[in-house]
Amino acid sequence: MKKLITIMILMMSLEALAVIETYEFETKQQEQLYTEIIHELRCPKCQNQTIAESNAGLSEDLRYIVYQKVSDGTSKRDILAYMQERYGDFVLYDPPVKPSNYFLWFAPLAVFLVILIAVLLKVGRRKVTTEQSESEEE
Amino acid sequence: MIPEIGNFLLIMAFINAIFLGTLSFVGAHTEHDGLMRFSKRASLSIFVLILASFVCLTLSFINNDFSVAYVANHSNTQLPLHYRISAVWGAHEGSLLLWVLILTGWMAAVAIFSKSLPRPLVTRVLGVMGFIAVGFIAFTLFTSNPFERVFPFIPIDGSDLNPLLQDFGLIVHPPMLYMGYVGFSVVFAFAIAGLLQGDLDNKWARWSRPWTTVAWIFMSLGIALGSWWAYYELGWGGWWFWDPVENASFMPWLAGTALIHSLAATEKRGVFKSWTALLAILTFSLSLLGTFLVRSGVLTSVHSFANDPVRGRFILVFLGIVVGASLLIYAIQSSKIRSKSNFGLFSRETALLFNNALLAVVTFMVLLGTLHPLIQEAFTGGKSSVGPPYFNLMFTIFMVPILILMPIGQQISWKQEPIKPLLAKYWLWAISSVLLALAVVIIMGGIEQMALVGTTLGLWVLAGCAKYIFGQTAKSDSFVKGLKKISRSYWGMLVAHLGVAVTVLGVVLTSYFSIEENIKIRQGQTVQVEDLSVEFYDFKNTEGPNYISSAGSFRIYSNDELITDLHPEKRKYNASKMVMTEADIDAGLFRDIYVVMGEPLNDGAWAISVYYKPFVRWIWLGSIFMALGGLLAISDKRYRQRRRDKKKEKKAQSTKSKAEGHTSEAGNE
Amino acid sequence: MNKKLVLAIAPIITFIALVVFFWFALEKDPKKLNSNLIDKPVPEFKLPALKNPELVYTSESLPTELFLLNVWGSWCGPCHIEHPYLMKFSRQYSVPIIGVNYKDKTIDGLEFIESKGNPYSMIIADQSGQFGIDLGVYGAPETFIVDSAGNIRFRYVGVIDDRVWSTKIQPAVEAIQGKPLDKVAESPSAVTQN
């Protein structure tokens with residue numbers, strides 16, 4: 001049974017390849033916005049694809065909603081909020097900058113700054129000896 | 001019968017590995033001659049046993065032996081022979097056997113090519129690798145045995161290999177990538193052996209370097225092949241998705257890149273010794289972590305193998321033992337390692353330090369982004385995602401300083417150099433890269449700020465390589481003489497950095513100036529996509545070996561001039577009934593034109609996608625240069641010298657190689 | 001010296017923490033999503049009844065007691081597996097089950113109910129799938145527990161069988177309403193009236 005389910009899931013995700021829709025937009029900006037948004041939303045059904053890449057029925061519906069909202073002039077922020085309200089943070093491939101994500105967003109930079117300062121302090125102050133008297137640290 | 005032989009050979013290899021992974025340490029510690037000789041022989045025999053076992057599995061595939069569960073689930077009588085062979089590593093069990101085969105292959109290579117190394121060191125290295133082999137063979141035997149039979153109901157035909165995998169990509173990508181992944185086990189084993197003996201001198205670094213570089217070459221090519229495969233196979237023109245499985249291969253590559261650089265500093269100047277050892281441990285640990293992430297089901301991924309928590313636990317326990325033990329050894333022994341640190345702020349050492357800091361932070365960032373959803377869930381219970389927008393932004397932030405420092409770092413002197421006169425030599429090159437980038441960006445379609453920055457940086461790295469070559473040749477009587485004065489290993493570095501520049505340019509230009517258009521088109525119709533006219537002139541249904549196909553034919557014109565004729569397909573595979581799209585691509589050095597068949601629409605028209613991707617080939621071209629750079633570096637005469645030397649007496653050898661080291665360093669000034 | 005010790009030990013400490021963390025992460029199913037609507041009211045809707053397109057349901061039409069909201073479709077394989085269990089539970093317990101016929105053709109939905117029986121006290125026809133999206137549905141069947149105040153309290157994604165009912169649904173319902181589930185005393189045929 002478990003195997004069967006795995007196989008079914010696998011098949012579902014495999015059909016989910018290359019979808020092509022021909023929505024028409026009034027302006028180039030709208031088309032770009034649409035493309036940008038569908039590339040930032042994660043398909044809740046197929047798990048590791050954006051709704052742009054996925055062929056699942058749900059992704060198709062979500063793309064249609066995005067298309068409608070973009071055509072109505074809804075802002076990107078509101079469209080993402082609409083999706084977040086329904087599917088949670090899971091759908092946002094661009095994690096929002098909020099307290100629970102602070103570590104994610106700022107830790108790498110913080111680590112780098114600490115290293116940078118440590119190096120500047122340590123190496124910057126060092127007197128370099130001449131070749132003959134090369135000393136070993138500590 | 002053949003599968004049973006395969007299984008038996010695997011068990012034999014397992015028993016051998018247990019001896020190798022334990023007795024070697026005793027042998028090295030007591031310097032017992034017989035045991036040390038045993039470790040070499042055992043390494044070779046394990047390799048032969050695994051190879052034979054692998055051949056047995058391959059034969060089961062070739063003979064369509066569907067009584068073997070793994071074959072029945074991943075092959076089919078209609079499958080062409082070359083895919084039946086590559087199907088061996090098309091799923092979890094077989095790919096694990098490939099992993100083991102490659103590991104033992106590296107082990108045998110160490111046993112063969114290490115005659116000049118101190119025997120206790122080699123014995124320890126083989127012992128560590130043997131220990132790793134024990135874990136992975138056990139994993140194969142006890143949780144993922146590819147030789148398991150399906151009795152009593154033997155299927156008449158197999159359920160076919162996933163059509164996505166029926167491709168040239170499957171033949172080359174996994175073996176290449178695994179060569180890299182597993183290849184880092186050598187330098188890992190060297191680091192452990194070095195830490196155990198409490199000494200990491202420059203000889204240690206010199207021995208470790210070529211092994212690391214070779215693994216890194218395979219890994220670079222493996223990742224690039226995977227990216228290229230995804231690009232043409234998945235049919236949406238993407239080449240990197242920041243999927244957890246991709247990240248799992250990217251992290252060891254990043255760490256390995258840092259390792260190559262820190263090994264250079266350790267060899268040449270005796271600096272950063274403990275850091276280099278730690279980095280060697282971390283690089284292979286990240287390979288193991290990748291294996292865990294891909295095969296345990298802890299993360300979801302489009303690429304991940306069918307999952308089973310038992311496998312996850314097994315790998316995790318093994319990962320814990322191997323990495324835990326090695327970090328423990330590091331914790332205990334690293335204080336004994338003495339590094340030199342006689343260098344100023346403006347020196348090659350500091351430049352390499354920053355290179356390492358930045359690469360380590362990028363590795364950390366990728367790890368954090370990959371694991372963050374798990375961490376988040378553990379603390380808040382909610383699911384979240386980290387995807388391309390995060391990784392692209394963060395990666396860019398750290399790539400900018402790496403690229404800015406690259407041309408300076410590769411040419412600044414060891415130890416110390418006054419910074420102002422040095423920078424003065426770069427001004428003209430910097431200004432010309434900005435101007436050239438401006439020209440490129442304008443020609444490509446308009447000034448996008450980030451595109452300009454990226455292009456400038458790519459050209460800046462190219463300029464750095466050019467500056468060095470011109471500087472060297474100007475000093476010599478003739479251009480060719482000047483080129484010859486540059487040592488092989490320095491050439492290797494230049495070419496690899498050139499590769500980075502090429503990849504950067506490819507990434508930037510294709511990201512900012514691609515055209516992607518979905519159009520509705522009827523047979524006989526011509527549709528305009530930006531500057532291109534697309535004519536849909538023919539449609540055919542054909543039959544392949546194990547699929548039926550609908551192919552459209554399109555002529556692409558630019559200014560009424562025919563550029564290319566493309567035939568994208570939609571295929572339906574007979575056994576699995578899966579529908580796949582096969583894009584057709586007109587590849588070029590400066591642009592790809594890429595057409596994908598979508599679905600037929602209600603009114604007889606088809607939805608198709610047309611992509612125009614400038615410079616996309618440069619992404620992979622760059623990695624070929626990087627690999628080439630690696631090859632040049634390992635062909636340096638220092639390493640060849642060593643082989644010639646081994647005939648001479650040991651004492652003579654050590655003084656001689658020191659002298660060699662000096663002359664080749666002179667070439668690097 | 002102290003700093004050196006810290007630098008030597010830090011990697012292994014971090015690593016041990018990571019391994020422990022992975023050990024627990026292995027237990028979880030990465031494919032299951034939590035509902036974002038927990039403790040929020042059922043989204044507004046205005047949709048026809050499956051059995052009678054003239055009849056329009058809105059949020060007001062929903063029961064004022066605790067009920068189950070089951071999202072299904074005749075196209076969905078697992079829904080066929082789940083259906084007999086729903087029939088059984090609807091006969092055994094008095095908790096109302098509301099069906100949302102999700103992205104289905106009316107005729108197929110009706111066919112399904114007529115041939116296999118109807119466990120639902122009312123069926124909302126969501127042909128466009130908009131209500132499903134408002135509910136955050138990503139894979140049928142999905143079942144929501146809605147309390148007497150009209151708030152969603154629990155969601156289960158996947159087939160509800162005996163095991164899931166007794167380990168997940170029943171305990172959740174009993175925790176929400178603070179008393180055991182009522183069994184049906186009278187004849188089971190009462191449930192199938194719509």
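Domain bounds here come from an automatic or database domain assignment. On that basis, chain B splits into domain 1 (2-344), domain 2 (394-512 + 620-666) and domain 3 (515-615). What you're looking at is a predicted model, where local features need pLDDT of at least 70, side-chain atom pairs count only at pLDDT 80 or more, and totals for chains, interfaces and linings use all residues. Residues are numbered from 1 along each chain as its sequence is written, while chains are lettered from A and ligands numbered from 1 in the order in which they are written.

**Nonpolar cores**

- A nonpolar core is a set of buried Ala, Val, Leu, Ile, Met, Phe, Trp, Tyr and Cys residues joined through C-beta atoms within 7 Å. Buried means that 20 or more other C-beta atoms lie within 10 Å of the residue's own, with C-beta atoms placed from the backbone.
- The largest core has 198 residues, and B:Leu103, B:Met107 and B:Ala133 have the most contacts inside it.
- Helix α7 (residues 168-197) of chain B is the top contributor to this core, giving 17 residues. (Helices are DSSP runs of H or I, at least four residues; strands are runs of E, at least two; both are numbered from the N terminus.)
- Domain 1 (2-344) and domain 2 (394-512 + 620-666) of chain B both give residues to this core, so it lies between them.
- Zoom in on B:Leu103: leaving aside neighbours within four places in sequence, its contacts are B:Met129, B:Ile132, B:Ala133, B:Phe136, B:Val182 and B:Ser185. Being in contact means that two C-beta atoms, placed from the backbone, lie within 7 Å.
- There's also a second, separate core of 58 residues, which includes A:Ile37, A:Cys43, A:Met83 and C:Leu69.

**Where parts touch**

- In chain B, the centres of domain 1 and domain 3 are 40 Å apart, taken over C-alpha atoms.
- Their contact takes 11 residues from domain 1 of chain B and 16 residues from domain 3 of chain B.
- Between chains, the contact uses 39 residues from chain A and 54 residues from chain B.
- On chain A's side of that contact, α1 (2-15) and α5 (102-125) each supply at least two residues, and α5(A) gives the most, with 9 residues.
- By class, this side of chain A has 17 nonpolar, 11 polar and 11 charged residues. Nonpolar covers Ala, Val, Leu, Ile, Met, Phe, Trp, Tyr, Cys and Pro; charged covers Asp, Glu, Lys and Arg; the others, Gly among them, are polar.

**A sheet in chain B**

- Four strands make an open sheet in the order β1-β10-β9-β8 (chain B), with antiparallel pairing. Strands pair if DSSP finds at least two bridges between them.
- β1 (515-521) and β8 (584-586) of chain B sit at the edges with a single partner strand each, so one side of each is left without a neighbour in the sheet.
- Strands β9 (residues 591-600) and β10 (residues 606-614) of chain B pair over 8 bridges; for example, B:Ile593 has B:Tyr612 as its bridge partner in β10(B).

**A sheet in chain C**

- Here 5 strands form an open sheet with mixed pairing, in the order β5-β4-β3-β6-β7 (chain C).
- β3 (residues 67-72) and β4 (residues 97-102) of chain C run parallel and are joined by 5 bridges. C:Val71 has its bridge partner in β4(C), namely C:Val100.

Note on methods:
A residue is buried if 20 or more other C-beta atoms lie within 10 Å of its own, exposed if 12 or fewer, and partly exposed in between; C-beta atoms are placed from the backbone.
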